[in-house]
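Thank you all for making the time this morning.

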Amino acid sequence: MKTNKLSYGALLLSMSAAALSAAPVQADERSGKEVVETICATCHATGKDGAPRIGDKEAWSQRAAKGLDKLTQNAVTGVRKMPAHGGQAALSDIEMSRAVGYMVSGGHSTDTNKAYSSPKTRTGAQVVEERCKECHAEGKSGAPKLGDMNDWKPRLKNGVAPLVKSAINGHNSMPARGGLANLSDAEMKSAVEFMVGKTGGGAGQAH
Ligand code: HEC
Ligand code: HEC
């Protein structure tokens, strides 16, 4: 379709424009190329389960008509046989958006640190109710308990941001994204803020 081709071209243009102002890749973040080659290629190299193939311009230009933000959102939350986060819950927003950019451009895009609007359909309270409570209500496997100031205080010494990061990545008995791969970064942030708020402690207040 003509309109799709046009928007595909416009997308590539805006991506290369964004690349001009791209900040260097941070050590703990993988590049789009790396993520695609190690994770997404499992399906997207061969077209397994109907995955659009890397380098298939026709297939990607149709999807790109939705815009890069929407494509990234669908890759984060999962769509039909596309698993949330490509099955790797620890991938961050920035890594996902770079991987999508890399695939859509057929491997030509330079990584950007352009933020995209992380999907947020569930509130922090809803996420905690749906998932986090399972361990954090009673403190299962050493999880800091909801509403227990003593449990949270030592973890909050550098504020909420590092906690959000470690909850996304997972550590020790805490699974990445609490084991719910379709949670977005924004939803994880709200959930952590909600849990921390429950302690009544001043999140981010340095003493
Ligand atoms: C287990 C197989 C599998 C893996 C791994 C996988 N995908 Fe997919 N992906 C699919 C399938 C199947 C579709 C087609 C879904 C549909 O539209 O029905 C798809 C579709 C997509 C789409 C298009 C979504 C849309 O709205 O049209 C994007 C973007 C995407 N994948 C990104 C990724 C990224 C990024 C990774 C790696 C982090 C990844 N995928 C890993 C199977 C996979
Ligand atoms: C399967 C059990 C389980 C689930 C489900 C779970 N957690 Fe955890 N969580 C843990 C455990 C265990 C720890 C303590 C890990 C440690 O510090 O050793 C933890 C620690 C944390 C921490 C502290 C991180 C740090 O760096 O100190 C945060 C924040 C957190 N979880 C957020 C969440 C959020 C948000 C959810 C829901 C999306 C969730 N957790 C779901 C088990 C779980």
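This is a predicted model: local features need pLDDT of at least 70, side-chain atom pairs count only at pLDDT 80 or more; totals for chains, interfaces and linings use all residues.

A residue is called buried if 20 or more other C-beta atoms lie within 10 Å of its own, exposed if 12 or fewer, and partly exposed in between, with the C-beta atoms placed from the backbone.

Residues are numbered from 1 along each chain as its sequence is written, and chains are lettered from A and ligands numbered from 1 in the order in which they are written.

Now the chain as a whole. Its secondary structure comes to 9 helices and 0 strands, where helices (H or I, at least four residues) and strands (E, at least two) are DSSP runs, numbered from the N terminus. Of the 207 residues in the protein chain, 37% are buried. Two residues are in contact if their C-beta atoms, placed from the backbone, lie within 7 Å, and among contacts between residues at least 6 apart in sequence, 72% join residues at least 24 apart.

Let me turn to α5. This helix has 12 residues and reaches 16 Å from its first C-alpha to its last, close to the 16 Å expected at 1.5 Å a residue, the expected span being 1.5 Å times one less than the number of residues. How many of the residues of α5 are buried? The answer is 12 of its 12 residues, so that α5 is mostly covered, and the buried residues include Asp93, Glu95 and Arg98. Leaving aside neighbours within four places in sequence, Ser97 is in contact with Thr72 and Tyr116. Ser97 and Leu68 are 29 residues apart in sequence, yet 8.1 Å apart in space, C-alpha to C-alpha. After α5 comes Gly106, whose phi is positive, near 65 degrees.

The next helix to look at is α9, whose 13 residues should span 18 Å at 1.5 Å a residue, and whose end C-alpha atoms are 18 Å apart, which agrees. Among its buried residues are Asp185, Met188, Val192 and Val196, and what covers the buried residues of α9 includes α5, α6, α7 (149-152) and α8.

That brings me to the ligands, where a residue is near a molecule if its C-beta atom, placed from the backbone, lies within 6 Å of it. Ligand 1 is surrounded by 26 residues, of which the closest are Cys40, Cys43, Arg80, Met82 and Gly86. The helices α2 (32-44), α4 (68-77) and α5 (93-104) each supply at least two residues of this shell, and α2 gives the most, with 6 residues. Around ligand 2 there are 28 residues, and Cys132, Cys135, Asn172, Met174 and Gly178 come nearest. The elements that give two or more residues here are α6 (124-136), α8 (161-169) and α9 (185-197), with the largest share, 6 residues, coming from α6.

Finally, two points about the backbone. Arg80, which lies in the loop between α4 and α5, has a positive phi of about 45 degrees although it is not a glycine, and Arg80 is exposed, with 9 other C-beta atoms within 10 Å. Ser141, in the loop between α6 and α7, has a positive phi near 55 degrees, and Ser141 is exposed, with 9 other C-beta atoms within 10 Å.
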